[in-house]
Structure formats: C-alpha cells, structure tokens
Amino acid sequence: MKSLSDRISALLPQLQQWRRDFHHYAESGWLEFRTATLVAEELHKLGYQLKLGREVVDADARMGLPDEAILKQQEARALQQGALPQWISHFSGGFCGIVATLETGRPGPVMGFRVDMDALDLNESQAADHLPQREGFVSCNAGMMHACGHDGHTTIGLGLASVLMAMKDQLSGTIKLIFQPAEEGVRGAKAMVAAGVVDDVERFTAIHIGTGVPAGEVVCGSDSFLATTKLDVHFTGIGAHAGGRPEEGRNALLAAAQATLALHGLTQHSGGVARVNVGVLQAGTGRNVVPDCALLKVETRGVTNQVNDDIYQQALRVIAGAAAMYGVEQEVSLMGAARSCTPTQPWVDFIHQQADALGIFDSVVDRKAQAAGSEDATYMMERVKERGGQASYVIFGCELAAGHHNAKFDFDERVMPDAITLLAILALNQAQFGGS
Ligand SMILES: O=C(O)C[C@H](NC(=O)Cc1c[nH]c2ccccc12)C(=O)O
C-alpha cells in the first residue's frame, strides 16, 4: 500500500500546476468563478459529495458584495478564461463557496478543514525579478493578485482532498473540506456559517501559509487575530460654484478629510492593541466645484472583540461629528467583519503532538506573540466551539519573496506538501485524539 509520503510526492507536479494556474487567473472576493469551477470539477472527479453556491453561502449574510454589473462582467471574463460551464451556474451572482464531503461509513467525528480561494485587489509586479513574471504565471487579471497565498491554500485543499480519498479506507467519521470565498476584507466566512456549513463539525482546522512565520516552523494554534470591522462612509454635501457662490456649498471633501484625521487618532484603548486605517479617500468631481460627494473606506481592529467594538463606536461618533462640522449627510455601510478567537487547547495539543511526531518541521509551536492580521475563519471557529467542538488555526511558515499584500509577494511552494501531510495525518490519526 502506498504511503502518505509517496502519494504526496507523486502529487508534486500537479500541486505546482494547480497553484500556478490559480495564481495566473487570480480572482478577487466573490468573483472566484473560474477557481470555483475548477475546484468543483477536481472534487467531483475524486468522488466527493458536493454542496455548492447557495447551498453553502447564505445570500443575506454576504458582506462587501460587488455590484450586479461587476458580478456579471467577471462571470463572463471567467468563462472566457476557461471556467467550466457545467459548474458556473452554481456560483452565479457571487456564491463561490464549495463544501466537499467524504463519509467513510465508519463511526467517528466530523472533521472540517477550511481554505480560502480569493485574491487581493492589487496589481501584481511584472518586474523581471518577480518569479511569477519570470516563469510566466503572473496574474493576467488587472487589479487582482494572489498576494496572500490563497492560491496555495486552494491547492493545499485539493491536495488534501486527493490523498484523503485515496486513503479513505484508513479513515473514519466524516471529512468536510470547505473552500471559502472572500476572506480578504473578511466578507465570506459569516455567510458560510449562516448557511450552516460548520453546524455539524466537531474538529475544525483552518490554515494559512507565511504570515512572517519562518520556513520550517508550524504554529498549531494561532490566537493573535485582531477582531475587525470594515466600513464604507459616504458623505453627501451640496455642490456650488467655487468662485462665485462657495458659501452655498457644503463641502463633503473637507468632512471626509476631517474624519480621516480624527479617525486615525482613535487607537487608544486600555484593553490592548487597536488599529484604525482609512485606506481610501475619494472625493469631488472638479477643481471649480465645491465637492458634494466623498467616500472613505475604513477599518477598525482590536485585540479583543470588545476593544474593536469600542473603537468602532468611537469611529461612528467621529464620522457623525465631521459631517456635522461641514453640514453634510453621512451614511455608513458595513463591508466586512471578523472576531478575535482563541483555539481550543486540546485540539492545539493534538496538532502539536502530530506535527512533532511527523518530524518534517524544524520547529513546532503553539502560538506566536505578534499581533497577526485578521481572519474571518474565526466565525467558523466560534460556531464550532459554541457547539462544544474543537477548533484551531494552523500557520505553516515559509520563505516569502515579499510581505503579504505586496505586489512582489510570492511564497516557497515547498510549504504545500508539508501542509497537506500534517492535515492528512490529523484525519488519519484522529482516533488518537484524547480530548472531548
Ligand atoms: O482584515 C482583513 O481584510 C483580513 C486580512 N487577512 C489576512 O491578510 C490573513 C492574515 C491573517 N493573519 C495574518 C498575518 C500576517 C499576514 C496576513 C495575515 C487582513 O488581516 O488584512
């Protein structure tokens, strides 16, 4: 019987081909049409039971959804780029979620593994020293780039699906592989949770690669995710002749500028780390017009849910105050959110034990001290925990060509087989878990 290691070694060419294809056809959140159809086809060929689109994504719980015109345009683009027509109708309208289930027929827990599929809104570097450019798989979609490793995550999910199906006679219980859209901007997980995707999951594991963790190190229970709230703020003023009748105008641009400066002063909280970032300020229409419109794209973050919630409430007050200063209207729209979350220690201990026993990592640790970014997998973790299940978030360190969200981001692809190995071992050895 082929060993796990032999099976994964045999997959290496396929892993690189998958990763580089996903990278080349990078698709941002809710627009992962091509990616989702290819993933669905691979999982179908492997023999998994599939739940797709609206079956696993609650329409009303989606956040930060692009408008109808963009959804339609991007679906057409995906078809032109090779999205599979037989699957795409499941994902139309921005429902690019997939859950693949393997029921072994033998008693055992439901184990959930979650990967995310979306790219970032970013133009990828086309410099000669950027490997994806040099080797011909740089993103072909303007304004979309896999600059956080989610092409690798999707590939790890497919590699895991392949080896687990091949070794299904050695498994027990049920395996659920969750392919999530729109993690960037923390927009997709809540909708999958609302659709009930993890309601039966007893042991949940989400993953990330890189994040500053050194190559060869695995973090078994990352617990430093910042709770976060993402908001768009529209200011509406009154236009007027800037030279002739400025006093008749109500300046939305100044309100937005005032709000921006005030928002960035909000990072004091006795509860710990807090962040505010105004990432976008768009305003006005012409140099001789008192600006009647402005848009801010803002995020708040906090080391705990309470810190973030407090900062968010202060932000709302600051925005209302800036609008009042200039006599303009303001409207806040929620565009994304994620909670902070602590993994369950019994599951972290089990992952640590299995990673140690594998002997393929230079370092195995439970957690890292530095405040990480944010993650909406925390919604799934919290849902599993509130039903008494086990949940953790594993980070696989690897060499990065540049930091996350940078136009020259790239990762060492050798991290993928190591990640698949550990995740597969968690499933194959789950009977050794002594926790609840
Ligand atoms: O808030 C978001 O949009 C989610 C996004 N998430 C990530 O980038 C994934 C991530 C989680 N932890 C880390 C740590 C370092 C880089 C990336 C991450 C972020 O933090 O901006």
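Predicted model: local features only at pLDDT ≥ 70, side-chain atom pairs only at ≥ 80, totals over all residues.
Confidence first. The protein chain averages a pLDDT of 97. Of its residues, 99% score at least 70. The model scores ipTM 0.96 and pTM 0.95.

Let's start with the eight-stranded sheet. It is open, and its strands run in the order E1-E2-E4-E3-E5-E12-E6-E11. The pairing is mixed. Which strands stand at the edges? Those are E1, residues 49-52, and E11, residues 363-365. Each has a single partner strand, so one side of each is left without a neighbour in the sheet. Going across, neighbouring strands are turned by 20° against each other on average, direction ignored.

Zoom in on one pair here. E2 covers residues 98-103, and E4 covers 174-180. The two run antiparallel, and six bridges join them. If you want a landmark, take Val99: its bridge partner in E4 is Ile178. H2, residues 33-46, lies across E1, E2 and E4. H2 runs at about 10° to E2.

The UniProt entry, which is unreviewed, places a "binding site" feature at Cys148, His150, Glu184, His208 and His405. Glu184 sits in the loop between E4 and helix H7, residues 189-194.

Next, helix against helix. H1 spans residues 4-24, and H6 spans residues 150-166. They pack at an angle of about 145°, with their axes 9 Å apart. The crossing of H1 past H6 is right-handed. On the H1 side, the residues in contact include Leu11, Leu15, Trp18 and Phe22. On the H6 side, they include Thr155, Leu158, Gly159 and Val163. By class, this contact has nine nonpolar, six polar and three charged residues.

Now the other sheet. It is open too, with four strands in the order E8-E9-E7-E10. Pairing here is antiparallel. The edge strands are E8, residues 274-283, and E10, residues 329-338, and each pairs on one side only. From one strand to the next, the twist averages 15°. E7, residues 227-236, is joined to E10 by nine bridges. Within that pair, Thr228 stands opposite Ala338.

What packs on this sheet? Helix H8 does, touching E7, E8 and E9, residues 293-302. The direction of H8 makes about 15° with that of E9.

H8 has a helix partner as well. H8 is residues 252-263, H9 is residues 305-326, and their axes come within 8 Å. They cross at roughly 145°, and the crossing is right-handed. From H8, the contact includes Leu254, Ala255, Gln258 and Leu263. From H9, it includes Val318, Ile319, Met325 and Tyr326. What classes of residue make up the contact of H8 with H9? Twelve are nonpolar, one is polar and none is charged.

One last annotation. The unreviewed UniProt entry marks residues 232-315 as "domain: Peptidase M20 dimerisation". Over that range the chain is 27% helix and 30% strand.

Key: Residues numbered from 1 in each chain as written. Heavy atoms only, no water. Axes fitted to C-alpha atoms, helices over the stretch in contact; angles between N-to-C directions. Left-handed = near helix turned anticlockwise from the far one by under 90°. Contact = heavy atoms within 4.5 Å. Nonpolar A, V, L, I, M, F, W, Y, C, P; charged D, E, K, R; others polar. UniProt positions renumbered as here; feature names shortened; annotations may be inferred. pLDDT = per-residue confidence, 0-100. Pairing = 2+ DSSP bridges.
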